Amino acid sequence: MRTAKLTIDGRTYLLCFSARVMRACVDRYGSMSGVNEALSDTDPGKALDESIWLLSSMMDAGTRYARLNGLECPEALTYDQMYDACGIDDLEGLKGKIAETIRESNRTNVEVEPPKNGAATPGS
């Protein structure tokens with residue numbers, strides 16, 4: 001699974017758009033297309049609410065991912081803690097981190113192993 005990072009007050013948190021987060025988004029917005037609509041709300045307060053909700057969910061997923069993989073990661077901030085750490089002036093940067101995390105989580109990575117006999121493939 002691909003992840004992104006978010007630094008708040010000098011601490012770097014892992015963000016992950018896991019299946020758990022995707023399911024929570026579908027429950028909250030009715031579909032994945034609802035995420036973009038919520039983040040694009042013309043009311044900056046509502047857009048901030050949704051950005052912080054989504055980032056706190058992604059941060060929680062990142063902490064879970066780190067634990068499963070033995071990675072060092074600070075404990076995720078809660079929704080309320082995120083509100084204390086972020087301001088309306090952070091909104092565009094927060095939305096950018098959401099987009100980066102979703103994009104990274106959906107990127108495919110193809111790994112090719114050489115043939116067992118060690119022979120090179122044509123064209124290499």
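Leaving aside its neighbours within four places in sequence, E50 is in contact (heavy atoms within 4.5 Å) with R28, Y29, A38 and L39. E50 lies in helix α3; helices (H or I, at least four residues) and strands (E, at least two) are DSSP runs, numbered from the N terminus.

The model is predicted: local features need pLDDT of at least 70 and side-chain atom pairs count only at pLDDT 80 or more, whereas totals for chains, interfaces and linings use all residues. Residues are numbered from 1 along each chain as its sequence is written, and side-chain values use heavy atoms, with hydrogens and water left out.

The chain contains five helices and two strands, which run β-β-α-α-α-α-α from the N terminus on. Of its 124 residues, 35% are buried. Among the contacts with a separation of 6 or more, 65% are made by residues 24 or more positions apart.

Helix α1 spans residues 19-29, and its buried residues are V21, C25 and Y29. Seen down the axis of α1, these buried residues fall within an arc of 50 degrees, so they line one face of the helix; the arc is that of the directions from the helix axis to the C-beta atoms. An α-helix has 3.6 residues a turn, so residues three or four places apart point the same way. The face of α1 turned away from the buried side carries the exposed residues A19, R20 and D27. The buried residues of α1 pack against β2 (11-16), α2 (33-39) and α3 (44-68). After α1 comes G30, whose phi is positive, near 90 degrees.

On the α1 side, R20, V21, A24, C25, R28 and Y29 meet E50, W53, L54, S57, M58, A61 and R64 in α3. By class, this contact of α1 with α3 has eight nonpolar, one polar and four charged residues; Ala, Val, Leu, Ile, Met, Phe, Trp, Tyr, Cys and Pro count as nonpolar, Asp, Glu, Lys and Arg as charged, and the others, Gly among them, as polar.

Methods
Buried means under 20% relative accessible area, exposed over 50%, partly exposed in between (1.4 Å probe, protein chains only).
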